[in-house]
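Work through the exercises below with the sequence and the structure open. Each task sentence is followed by a solution in steps.

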Amino acid sequence: MKYYPREKYLAQIRPFYDSTDLIKVITGVRRCGKSTLLHCVAEELNAKGVDNDHLVFLDLDSMPFQKIKTPDVLEKVINGKSPKEGIVYLFIDEIQNVKDFEPLINAYREEERFSIFLTGSNSYLLSGELITKLTGRYLEFEMFPLTYDEYERMKDFYGIEKETDLLLEFNHYLREGGFPRLLFMKTEEEKRTYIHSLVQEIFDKDVRYRVKIRSRETFERVRDFMIGNFGSTFSLSTLTSALNHAGIKTTRNTVRNYIDVLTDAKILYPCPRFDIKSKRALSGERKYYLSDFAFYFFVSPDAHINFGPFLENCVYFYARSYAYQVSVGKIGSLECDFIVRNLHHDYAFLQVAYTIADPKTEDREYRALENIRDSSPKYVLTTDRLLQRRNGIHHVCLMQFLVDQKQFC
């Protein structure tokens with residue numbers, strides 16, 4: 001099967017293909033496409049003339065390599081597959097399956113003839129010994145499930161049928177999410193079975209087996225609240241009080257630790273708040289977004305979509321997939337949904353809404369942007385087909401903007 005090349009990630013990694021002094025670490029939630037990305041890198045290297053013998057690929061989740069659990073066994077396999085001369089391009093998928101792998105990987109890096117690519121499904125990969133031993137010697141590339149533009153382009157790539165109506169097609173994406181394997185499933189029952197199994201696997205392998213959770217009931221209440229209320233502003237104190245009021249005795253520290261577990265597993269992503277006037281980050285309340293909507297439908301008792309946070313979630317990860325830094329903006333009593341900054345330190349300000357057909361909604365969305373005294377681009381992104389013009393602010397159709405892969409700044 002031909003692999004769909006996810007160019008936005010390949011473009012970030014490509015300049016470092018031959019860097020033997022830097023380990024390339026690709027992180028992201030399980031089954032988001034990291035393995036396929038490694039295969040795409042290997043294909044590009046092969047097309048440039050690198051022999052297959054110099055491309056060593058180990059998928060530690062696959063049957064041939066599942067028994068590799070210690071550095072000694074891993075070293076034996078790598079040495080047995082690596083030629084003695086020339087650059088060896090070493091790809092290891094799900095490296096966290098090998099306990100205490102860090103010294104071995106660092107030793108291969110120090111030989112300066114291995115260009116090393118690693119993937120991992122959680123943040124523990126970049127904790128502890130890897131941080132202390134390899135500071136400045138690795139690069140992290142964070143990967144997400146398919147954003148809407150990738151969802152559409154991947155369908156085109158494989159000739160998968162799409163809805164002709166843009167809004168209806170977008171609705172399919174909101175309900176299915178962006179795990180790539182889903183695109184090849186035909187029935188709703190098949191998709192639901194896969195998603196339920198995958199989400200359960202993520203909770204088991206990347207949460208329960210890796211973290212000591214004292215109270216499973218408390219953890220699941222925190223988990224379900226955070227996932228069910230993604231995109232909402234909240235504080236630790238509010239959530240802790242609500243749990244205690246419901247008879248779940250817990251503390252702020254416990255709640256914070258459980259939220260960290262969900263972020264480490266790449267299920268939740270925090271979005272900090274930023275005061276535009278003082279140009280300072282704000283502590284306390286923040287928002288969290290979901291790496292995929294599958295988690296929401298897993299914990300939610302019905303299939304209801306609250307379009308506000310769903311659309312924000314789409315925009316948040318679209319920006320993140322292009323390596324933008326993203327934060328929530330505060331302007332006095334008003335809030336700007338997102339401030340995005342690219343690698344060149346250019347800014348843009350975004351408001352996201354389902355529609356601004358109602359004049360009151362239109363005024364609310366525009367007013368926040370009109371109060372920002374900054375010449376950077378400003379956008380109102382909605383699902384509306386009829387677009388408004390007001391004070392130089394760009395009103396764009398969200399789905400079309402994403403499909404066209406346009407940049408904010």
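This is a predicted model: local features need pLDDT of at least 70, side-chain atom pairs count only at pLDDT 80 or more; totals for chains, interfaces and linings use all residues.

**Exercise 1.** Describe how α9 packs with α8 and with α11.

Solution. Step 1: two packed helices are described by the angle between their axes and the distance between the axes. Axes are lines fitted to C-alpha atoms, for helices over the stretch in contact, and angles run from 0 to 180 degrees between N-to-C directions.

Step 1: helix α8 (residues 188–208) and helix α9 (residues 216–228) have axes 14 Å apart, at an angle of about 120°. α8 and α9 are therefore oblique to each other (angles under 35 degrees count as roughly parallel, over 145 as roughly antiparallel, 65 to 115 as roughly perpendicular and the rest as oblique).

Step 2: contact means heavy atoms within 4.5 Å. From α8, F203, V207 and R208 meet R216, F219, E220, R223 and I227 of α9. The residues of this contact of α8 with α9 are four nonpolar, no polar and four charged. Here Ala, Val, Leu, Ile, Met, Phe, Trp, Tyr, Cys and Pro count as nonpolar, Asp, Glu, Lys and Arg as charged, and the others, Gly among them, as polar.

Step 3: the axes of α9 and helix α11 (residues 252–264) cross at roughly 65° and come within 10 Å. T218, F219, V222, R223 and M226 of α9 make the contact with V255, Y258, I259, V261 and L262 of α11. The residues of the contact of α9 with α11 divide into eight nonpolar, one polar and one charged.

**Exercise 2.** What is the strand order of the five-stranded sheet, and which strands stand at its edges?

Solution. Step 1: two strands pair if DSSP finds at least two bridges between them. Step 2: the open sheet has the order β2-β3-β4-β1-β5, with parallel pairing. Step 3: β2 (55–59) and β5 (138–142) are at the edges with a single partner strand each, so one side of each has no neighbour in the sheet. The twist averages 15° from one strand to the next. Step 4: strand β1 (residues 23–27) runs parallel to β5, joined by five bridges, and I23 has Y138 in β5 as its bridge partner. Step 5: helix α2 (residues 34–47) packs on the sheet and touches β1, β2, β3 (88–93) and β4 (114–120), its direction making about 165° with that of β3. Helix α3 (residues 71–81) lies across β2, β3 and β4, at about 150° to β2.

**Exercise 3.** Describe the seven-stranded sheet.

Solution. Step 1: the order in this open sheet is β7-β6-β8-β9-β10-β11-β12, and the pairing is mixed. Step 2: β7 (280–290) and β12 stand at the edges, each with a single partner strand. Step 3: strand β8 (residues 325–331) pairs with β9 in the antiparallel sense over six bridges, and the bridge partner of G329 in β9 is C336.

**Exercise 4.** Where is H345, and is H345 buried or exposed?

Solution. Step 1: H345 is in the loop between β9 (334–341) and β10 (347–352). Step 2: its relative accessible area is 52%, so H345 is exposed. Step 3: H345 has a positive phi of about 65° although it is not a glycine. Most residues other than glycine have a negative phi.

Key
Residues are numbered from 1 along each chain as its sequence is written. Side-chain values use heavy atoms; hydrogens and water are left out. Helices (H or I, at least four residues) and strands (E, at least two) are DSSP runs, numbered from the N terminus. Buried means under 20% relative accessible area, exposed over 50%, partly exposed in between (1.4 Å probe, protein chains only).
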